[in-house]
Amino acid sequence: MHETRYLTREESANYLTERGLPVSRNTLQKWATVGGGPVYRRFGNRAVYTVEDLDDWAERKLSAPRASSSAA
């Protein structure tokens, strides 16, 4: 059985940043308010994220590989 681990907003920002995708805790908070960020869940008054949701979101945000800056 797969055990889901929930990360706090700070841990989630660190997780993404350690993978070369710099994101701050405050940016995750802003995206939770205005939209555009990874999905999250509420646990009491805290937002929590799963690694799977963070990875899925990051993959969707990345562009396709490019060989030139003029290739859009």
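**Reading charges and rings**

Modeller: Arg5 and Glu11 form a salt bridge, with 4.0 Å between the closest N and O atoms. The model is a predicted one.

Biologist: How many salt bridges does the structure hold?

Modeller: The structure holds four salt bridges. Among them, Glu10 and Arg25 meet through their side chains at 3.1 Å, N to O. That pair links distant parts of the chain, since Glu10 is in helix H1 (residues 9–18) and Arg25 in helix H2, 15 residues apart. Another joins the side chains of Glu18 and Arg19, at 3.8 Å from N to O.

Biologist: Turning to the rings, how many aromatic pairs does the structure hold?

Modeller: There are two aromatic pairs. In one of them, the rings of Trp31 and Trp57 have centres 5.2 Å apart and planes at 55°, so the pair is tilted.

Biologist: Which parts of the chain does the pair of Trp31 and Trp57 tie together?

Modeller: Trp31 lies in helix H2 (residues 25–34) and Trp57 in helix H3 (residues 51–61), so the pair ties together parts that are 26 residues apart in sequence. Trp31 is partly exposed, at 25% relative accessibility, whereas Trp57 is buried at 7%.

Biologist: How are the rings of Tyr40 and Tyr49 arranged?

Modeller: The ring centres of Tyr40 and Tyr49 are 5.8 Å apart and the planes are at 45°, so this pair is tilted. Tyr49 is buried, with 0% relative accessibility, while Tyr40 is partly exposed at 32%.

Biologist: Which charged end sits over the ring of Tyr40?

Modeller: The charged end of Arg9 does, 5.7 Å from the centre of the ring. Tyr40 therefore has Arg9 over its ring and also pairs with Tyr49.

Definitions and conventions
Residues are numbered from 1 along each chain as its sequence is written. This is a predicted model: local features need pLDDT of at least 70, side-chain atom pairs count only at pLDDT 80 or more; totals for chains, interfaces and linings use all residues. Side-chain values use heavy atoms; hydrogens and water are left out. Rings of Phe, Tyr and Trp (its six-membered ring) pair if their centres lie within 6.5 Å; planes under 30 degrees apart count as stacked, over 60 as edge-to-face and the rest as tilted. Helices (H or I, at least four residues) and strands (E, at least two) are DSSP runs, numbered from the N terminus. Buried means under 20% relative accessible area, exposed over 50%, partly exposed in between (1.4 Å probe, protein chains only). A charge sits over a ring if NZ of Lys or CZ of Arg is within 6 Å of the ring centre and within 35 degrees of the ring normal.
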